[in-house]
Amino acid sequence: MSRLRTWAASGPEEPPILAAPRRDAAIALVICALTAVLFVVAADHAALSHIQRLDDSWLRLMVSARTPPVTVIAKIFNVLGLVYVTLPVRIGIAGYLTIRRRWWHLAAFAAAVLLSEILIGPVKAAYDRARPPGALVATSGASFPSGHAIATSVTVFAAIIALVPAGRRRAAWGLAAAGFALLMAASRAYLAAHWLSDAVAGLLLGTSCALLTAVLADRAQRARRRRHAITGAAPQKPVRQADRP
């Protein structure tokens with residue numbers, strides 16, 4: 001055990017997860033609030049009927065706009081969102097962070113993925129929404145929210161936070177991750193695998209998991225640093241009476 005602790009503590013000091021914790025916490029709070037509002041609205045039958053009309057209109061638009069090249073691309077996204085792809089990617093990221101001894105970044109990434117996986121099943125069962133008719137890919141289970149959108153958004157955003165240092169590079173990669181997650185969500189509605197609101201809800205839920213766990217892990221990391229700074233400070237030697245002028 002002592003060797004393991006020595007190995008874990010060796011190497012350069014791990015940088016903080018977030019560069020601007022207050023700003024990032026505010027962003028996370030806004031995204032989580034939007035997610036909560038959407039899920040509360042979807043639980044109300046009267047409100048859901050209005051959402052359903054929008055979903056029906058969007059599905060008709062997607063069906064009328066389908067072309068073979070776009071359908072092929074959407075089906076590629078369908079494969080990219082399957083567990084057979086996301087699981088090896090997640091394991092690879094976790095392994096890389098372990099090798100680099102980025103324990104706090106690993107904790108944030110693993111917690112985001114774990115939280116999303118814990119939520120998917122119960123949330124789908126609670127809403128138990130039927131899927132759209134005429135899906136172009138195989139589907140199973142309830143429709144709300146989209147599991148593909150959740151898995152993709154939580155993985156890409158948590159990965160960017162864990163792998164890319166805070167700053168302009170992370171912002172650029174974050175925009176790329178947002179674009180990929182949006183395309184995944186759009187592909188689910190295009191393929192009629194999910195309603196549009198299912199895809200939006202999955203996108204928001206996965207993003208919320210990634211941001212919330214990053215904020216909490218960053219706070220825990222900073223709190224530990226403060227404790228170590230206090231306990232590690234060298235005690236001042238008391239001035240003896242003889243040494244006084």
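Figure 1. α2 (21-43), α7 (147-163), α8 (168-190) and α9 (196-231) each contribute at least two residues to the lining of the largest pocket. This is a predicted model, in which local features need pLDDT of at least 70 and side-chain atom pairs count only at pLDDT 80 or more, while totals for chains, interfaces and linings use all residues. Residues are numbered from 1 along each chain as its sequence is written, and side-chain values use heavy atoms, with hydrogens and water left out. Helices are DSSP runs (H or I, at least four residues) numbered from the N terminus. With 7 residues, α8 gives the most to the lining.

**Figure 2. Centre and lining of the largest pocket.** A pocket is defined on a 1 Å grid over the protein atoms alone, as an open set of points where a 1.4 Å probe fits, with protein on both sides within 12 Å along at least five of seven lines; lining residues have an atom within 4 Å of a point. The lining of the largest pocket consists of 24 residues, and those nearest its centre are Ile27, Phe157, Ile161, Gly174 and Leu211. The space in this pocket is about 620 Å³, a volume being the space filled by probe spheres set on the grid points, which are joined across faces, edges and corners. By class, 18 lining residues are nonpolar, 3 are polar and 3 are charged. In this scheme Ala, Val, Leu, Ile, Met, Phe, Trp, Tyr, Cys and Pro count as nonpolar, Asp, Glu, Lys and Arg as charged, and the others, Gly among them, as polar.

**Figure 3. The largest nonpolar core.** A nonpolar core is a set of buried Ala, Val, Leu, Ile, Met, Phe, Trp, Tyr and Cys residues joined through side-chain atoms within 4.5 Å. Buried means under 20% relative accessible area, exposed over 50%, and partly exposed in between (1.4 Å probe, protein chains only). The largest core has 40 residues, of which Ile17, Phe39, Leu97, Phe109 and Phe157 touch the most other members. At least two residues of this core come from each of α2, α5 (83-99), α6, α7, α8 and α9. The most, 10 residues, come from α9.

Figure 4. In one of them, the closest N and O atoms of Arg129 and Asp198 are 2.8 Å apart. This pair connects distant parts of the chain, 69 residues apart: Arg129 is in the loop between α6 (103-127) and α7, and Asp198 is in helix α9. Both Arg129 and Asp198 are buried. Asp55, Arg129 and Asp198 form a network of salt bridges. Within helix α9, Arg222 and Asp218 lie 4 residues apart, about one turn of the helix, and their side chains meet in a salt bridge (2.8 Å, N to O). Asp218 is buried at 1% relative accessibility, whereas Arg222 is partly exposed at 25%.

Figure 5. A disulfide is a pair of cysteine sulfur atoms within 2.5 Å, and the count here comes to 0 disulfides. Cys32 is partly exposed, at 22% relative accessibility, while Cys209 is buried, at 3%.

Definitions and conventions: A salt bridge is a side-chain nitrogen of Lys or Arg within 4 Å of a carboxyl oxygen of Asp or Glu.
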